[in-house]
Amino acid sequence: MALLDVQDLKTYFHTEYGLVKAADGVSFHINQGEIVGLVGESGCGKSVSILSVMQLITSPPGEKAGGKVIFEGKDLLKYQPNGPEMRALRGSKITMIFQEPMTSLNPVLTIERQLTETLELHLDMDKAAARERAIELLKMVGVPDAAKRIDDYPHMFSGGMRQRVMIAMAISCNPMIIFADEPTTAVDVTTQAQLLELMKDLVTRLDTSLVIVTHNLGVVARYAQRIYVMYAGRIIESGPAESIFAQPKHPYTIGLLNSVPKLGERHGERKLIPIYGLPPNLINMPPTCAFLPRCTAKIGRCAKEPWPELRSVGKDHYISCYVDIKGK
Amino acid sequence: MAEKPKVSIGSVDAMGATAAPPRTSEWRRFARIFFGRKLYLIGFIIVAIIVLTAIFAQVIAPYDPIENDLDHRLQPPSADHWLGTDQLGRDMLSRIIYGAQISLLIGFSAVFASAIIGALMGLAAAHYGGWVFTVIMRLTDVLMSLPSIILMMLIAGMLKGGGIWIVVFALGFGSIPGMARMMCGQALSVKQNDYIMAARAVGMSNWRIMLTQIFPNAFPPLIVGLTMGIGGVVMGEAGLSFLGIGVQAPTPSWGNMVMDGQRFLMTNPLLSLIPGVAIMLLVFGFNMVGDGIRDAIDPRLRGVL
């Protein structure tokens, strides 16, 4: 039984130019204690999908157009976006780490205030206890001199330190699921590695599930146990990390992996093959496969029939494609 | 040459992430910035003097401000009457001192009332959006499209009686649209920030976000608006009194003193000039204090100032 089960999630945006189906039938699930990677190019609907699960899409222009998000036997999408049920879940059982540490902390409140807010809100702690716990949290995420730095304002922290504070906020109420929306995109590579190790360490210790949204395949390869690949608002391939990296089946995933340079490769040993073209404009999409114009493996069926349903190609391994690609 | 790298290593060390910056209490920091600039200090002193004068008016005023002394009318400044006397022989200094009381009372109450109402309206408009926003903002448009002096005259004229609370109401009412507009704009821009999304993501209710996240960020301009508003309201009071619908005689306010004096502008210009200068000083003082508070409480300026 999955901890969180997202079924056929649809989130549309009404824009001046037409309807944007940012998430168009996204289904995924998360098991207890699992690290899941959600990968895809910019604008493919990764962030929208998880923001929809949290019901953080502003409406208008956003619209929850359908689907179910089953958590603890209840459909979260039935709740009002800002209703008490949803608010009780957010920040306590399901939390989120945002992409931009520089802007995700309120500049006029101290670190203490931002950490204790959640604790007082969800755990009914009094001020002293919350402060104590906040210092403990800062120590857990590796902020040096936590007892002093807790009184600082965000601008006195570096980007990496702020992201640590964000992580502390996310774990403060012992959540069951943490959504990390490109948590390391805005920091440099060494800090990235530190933060990811920290997050991995924390979720293992707390037995929390972690969903890492990223376009960095290296990150998911290293940390995720299962991977979902998204394209144009849909999941096009999913499966265990090993089988996706060892035997990608969807032409898009294959293309992605072929375009990643590897360290230690000698010059000319393997050619980097880019995916030509651009991701499609999500307005007025054709009914056929959205990857078709860029696909190098297309067959006659692809242009005639609608976007294929997910089909099994291995143990827990699914793709949405008509083409069977043999070997690697 | 050998010493040079040492210096830079030392300074990097002092600025490094692990070395905590020197800690000063918030109040000390506030005082350092606020009193560190001469203009703010001058403004503060002016405001302090006026406020103390208003509080201790009964103690320091040498004469009764409304007692006529027809034998000593329109006297120039002298040892007995430091600022001279007016057309009814009343001591100008005492009237200025008592006038400070009335002017400040009106200034503070009108501005605070309008700030509270206006800020709530602005927050509500920004918070709910949709038709609430439309109604509140169009209402402020209507109020702002009327010249404020006309609006205030209308209110003061309709509510006859001339008590100072009616003046407060008229002036406060006139300031609401500006406050609402400012707060709404501030709240809307703060609302766009990522940390508001982050606050929603930890399950805060809309009102909690409004009050604990948005309001503190929108606060510095409100403080500036408040302090400058006091200057504006005192001027407004002067305007109303000048037109004869403000604070009614014999109660002295700086506004009606200017008006009383204008008939003698050619012969005894001091009658209008003294309260006029008092108003000017008060407006200047409050503006400076407003600027000083803004600079001192804005955490974004921390480290810069």
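How many of the 13 residues of helix 6 of chain A are buried? Keep that one in mind while you look at the structure; point 1 picks it up. Bear in mind too that this is a predicted model.

1. **Helix 6 of chain A.** The count is 11 of 13, so helix 6 is largely enclosed by the rest of the structure. You'll find this helix at residues 159–171 of chain A. The buried residues are Met161(A), Arg162(A), Gln163(A), Arg164(A), Val165(A), Met166(A), Ile167(A), Ala168(A), Met169(A), Ala170(A) and Ile171(A). What do they pack against? Their partners are strand 6 (94–97), helix 3 (111–123), helix 4 (127–140), strand 7 (177–181) and helix 7 (189–206) of chain A.

2. At 1.5 Å a residue, the 13 residues of helix 6 of chain A should span 18 Å. The C-alpha atoms at its ends sit 19 Å apart, which agrees.

3. **The eight-stranded sheet in chain A.** Now for a sheet to trace on screen. Chain A has an open sheet of eight strands, in the order 6-7-8-3-9-10-12-11, and the pairing is mixed. Strand 6 and strand 11 (311–314) of chain A are at the edges with a single partner strand each, so one side of each has no neighbour in the sheet. Going from one strand to the next, the twist averages 20°.

4. **Strand 10 of chain A, inside that sheet.** Is strand 10 of chain A largely enclosed or largely open? Six of its seven residues (234–240) are buried, so it is largely enclosed by the rest of the structure. Strand 9 (residues 226–231) of chain A runs antiparallel to strand 10 of chain A, and six bridges join them. One of the pairs to look for is Ile227(A), whose bridge partner in strand 10 of chain A is Gly239(A). The two strands make a hairpin with two residues between them, and Ala232(A) in the turn has a positive phi of about 50°.

5. **On to strands 12 and 11 of chain A.** Strand 10 of chain A also pairs with strand 12 (residues 317–319) of chain A, antiparallel again, over two bridges. Here Ser238(A) stands opposite Tyr318(A). Strand 12 of chain A is in turn joined to strand 11 of chain A by three bridges, and these two run antiparallel as well. In that pairing, look for Arg311(A) opposite Ile319(A).

6. **The four-stranded sheet in chain A.** There's also an open sheet of four strands in chain A, with the order 2-1-4-5 and antiparallel pairing. Its edge strands are strand 2 (18–30) and strand 5 (74–75) of chain A, each of which pairs on one side only. Strand 1 (residues 4–15) and strand 2 of chain A are antiparallel and share 10 bridges.

7. **Chain B.** Chain B has 12 helices and zero strands. Of its 305 residues, 40% count as buried. Among contacts in chain B with a separation of 6 or more, 67% come from residues 24 or more positions apart.

8. **A helix pair in chain B.** Take helix 10 (206–242) of chain B and helix 12 (residues 270–297) of chain B. Their axes come within 7 Å and cross at roughly 175°. With the cut-off for roughly antiparallel being over 145 degrees, the two helices are therefore roughly antiparallel to each other. By class, their contact has 15 nonpolar, four polar and two charged residues.

9. Why does Gly231(B) count as buried? It has 23 C-beta neighbours inside 10 Å, and the cut-off is 20 or more. Leaving out residues up to four places away in sequence, Gly231(B) touches Leu282(B), Val283(B), Phe286(B) and Asn287(B).

10. **Where the chains meet.** The contact takes 34 residues from chain A and 23 from chain B. On the chain B side, helix 9 (194–201) and helix 10 each supply at least two residues. Helix 9 of chain B gives the largest share of that side, six residues. By class, the chain B side has 11 nonpolar, eight polar and four charged residues.

Note on methods. Residues numbered from 1 in each chain as written. Chains lettered and ligands numbered in written order. Predicted model: local features only at pLDDT ≥ 70, side-chain atom pairs only at ≥ 80, totals over all residues. Pairing = 2+ DSSP bridges. Buried ≥ 20, exposed ≤ 12 C-beta atoms within 10 Å, placed from the backbone. Contact = placed C-beta atoms within 7 Å. Expected span 1.5 Å × (residues − 1). Nonpolar A, V, L, I, M, F, W, Y, C, P; charged D, E, K, R; others polar. Axes fitted to C-alpha atoms, helices over the stretch in contact; angles between N-to-C directions. Parallel < 35°, antiparallel > 145°, perpendicular 65-115°, else oblique.
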